[in-house]
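Please look over the model shown here before reading the report. The notes go from the whole chain to single residues.

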Amino acid sequence: MTEPSDLAKLQRRLADFAAARNWQPYHNPKNLVAALSVEASELVEIFQWLTPEESARVMDDPGTAHRVTDEVADVLAYLLQLCEVLGIDPLAALDAKIDRNERRFPTPEE
């Protein structure tokens, strides 16, 4: 598994990949959000008509597992590119969101 410290390296690889193909003009927030939505929809499509039980076993089939893995990678790639363009630290954003959710939804013991 990739270490969290490798997140910046992955963002750099994505930026370098786009730059080598002169794709930067297309990697604006509007286009990246649209691409992210499309890729998330492709992930949804895989699960759309599965029962909850079937969805829990989706990784058991190698062909489906490959499709799920690819779509997850696409979603993450566009999300990381969006964060890079907007100057968002995705790990810090998630950490702050978890903090807010812990305050907003305390456990029953609290």
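## Basis of the model

This is a predicted model, in which local features need pLDDT of at least 70 and side-chain atom pairs count only at pLDDT 80 or more, while totals for chains, interfaces and linings use all residues. Residues are numbered from 1 along each chain as its sequence is written, and side-chain values use heavy atoms, with hydrogens and water left out.

## Overall fold

The protein chain has five helices and zero strands (DSSP runs numbered from the N terminus: helices are H or I with at least four residues, strands are E with at least two). Its radius of gyration is 17 Å, whereas a compact globule of 110 residues would have one near 13 Å (taken over C-alpha atoms; the globule rule is 2.2 Å times the number of residues to the power 0.38). The C-alpha atoms fill a box of roughly 50 × 40 × 30 Å along the principal axes.

Of the 110 residues, 19% are buried (buried is under 20% relative accessible area, exposed over 50%, partly exposed in between, with a 1.4 Å probe and protein chains only). Among contacts between residues at least 6 apart in sequence, 65% join residues at least 24 apart (a contact is heavy atoms within 4.5 Å).

## Helix α1

Leu7, Gln11 and Ala18 are buried in α1. They lie on the same side of the helix because they cover an arc of only 35° around the axis (the arc of the directions from the helix axis to the C-beta atoms). Cover for the buried residues of α1 includes α4 and α5 (90-104).

The face turned away from the buried side carries the exposed residues Lys9, Arg13 and Ala20. After α1 comes Asn22, with a positive phi near 55°.

## Salt bridges

The whole structure holds two salt bridges (a side-chain nitrogen of Lys or Arg within 4 Å of a carboxyl oxygen of Asp or Glu). One joins Asp6 to Lys9, with the closest N and O atoms 3.6 Å apart. Asp6 is partly exposed at 22% relative accessible area, and Lys9 is exposed at 56%.

Asp16 and Arg12 also pair, at 3.1 Å from N to O. These two are four residues apart in α1, which means a separation of about one helical turn.

## Glu71

Glu71 belongs to helix α4 (residues 62-86). Glu71 is buried but has no salt bridge, and the nearest side chain of opposite charge, Arg67, is 6.3 Å away (Lys and Arg count as positive, Asp and Glu as negative; His and the chain ends are not counted). Leaving aside residues up to four places away in sequence, Glu71 touches Glu39, Glu42, Leu43 and Ile46.
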